[in-house]
Amino acid sequence: MTNEISNKCCCRNTIASTCKIEENNLCPICKTTGAKVKNITVKHLVLETLTELVGDTDYYLCMDEECDIVYYNTESNIKFNKQQVKVPIWFKKDANPKYACYCSKVTEEQVMNAVVKDGAKNMKDVLKLTGAMKNPQCQKNNPLGKCCHQIIQDAIDKGLSMK
Ligand SMILES: [Zn+2]
């Protein structure tokens, strides 16, 4: 960081943006709290024609399933909607397919089928049956830039509860 002093703030975080989360993380459209997403993830997932627009800042992912907005940055006022990203966002309405693992393109349905139809009981079984998390590049492929482990676990739980 080039300007350490101005980046420091009251709560002793060295990066000011982590302090301002409270005011800056609300989606400009639906006002829902977003989840922070790294620049590299956003750059990789918006349509190629829009990559330059992304700039060098981090973004938030709108977590509201009804809202059309995917990534937004309230400071630069740049936002990208569902049509402007390459992959369906799994928790958004009408997401099709609903990926649980974006790296290996394994859907929530495949995970649930592995549990309900093929008798998978846990993460290990599911990974073996579906091939999920085989080639993990979550920072680039998952819309949150995080490991899809939790999404797969949720799908397993869903499948188990259907049994
Ligand atoms: Zn929103």
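Predicted model: local features only at pLDDT ≥ 70, side-chain atom pairs only at ≥ 80, totals over all residues.
1. Numbering starts from 1 along each chain as its sequence is written.

2. β3 and β4 run antiparallel and are joined by four bridges. Strands here are DSSP runs (E, at least two residues), helices likewise (H or I, at least four), numbered from the N terminus; strands pair if DSSP finds at least two bridges between them. The β3-β4 hairpin has four residues between the strands, and Asn77 in this hairpin takes a positive phi near 60°.

3. On to the other partner of β3. β2 (residues 59-62) pairs with β3 (residues 69-73) in the antiparallel sense over two bridges, and a hairpin of six residues joins β2 to β3. Tyr60 sits opposite Tyr72, and Leu61 is opposite Tyr71.

4. Is β3 buried or exposed? Five of the five residues of β3 are buried, so this strand is largely enclosed by the rest of the structure. Buried means 20 or more other C-beta atoms within 10 Å of the residue's own, with C-beta atoms placed from the backbone.

5. Zooming out, the four strands make an open sheet, ordered β1-β2-β3-β4, with antiparallel pairing. β1 (34-37) and β4 (78-81) are the edges, each with a single partner strand, so one side of each lacks a neighbour in the sheet. Neighbouring strands are turned by 25° against each other on average, direction ignored.

6. Now the helices. α6 (residues 108-116) packs on α9 (residues 149-162) at about 45°, with axes 8 Å apart. That makes α6 oblique to α9, oblique being what remains once angles under 35 degrees (roughly parallel), over 145 (roughly antiparallel) and 65 to 115 (roughly perpendicular) are taken out. Axes are lines fitted to C-alpha atoms, for helices over the stretch in contact, and angles run from 0 to 180 degrees between N-to-C directions.

7. Which residues of α6 meet α9? Glu108, Val111, Met112, Val115 and Val116 do, and their counterparts in α9 include Ile152, Ile156 and Leu160; contact means C-beta atoms, placed from the backbone, within 7 Å.

8. Also in α6, Glu108, Gln110, Val111, Met112, Ala114 and Val115 are buried. Their cover includes β5 (99-101), β6 (106-107), α7 (123-130) and α9.

Terms used:
Contact = placed C-beta atoms within 7 Å. Buried ≥ 20, exposed ≤ 12 C-beta atoms within 10 Å, placed from the backbone.
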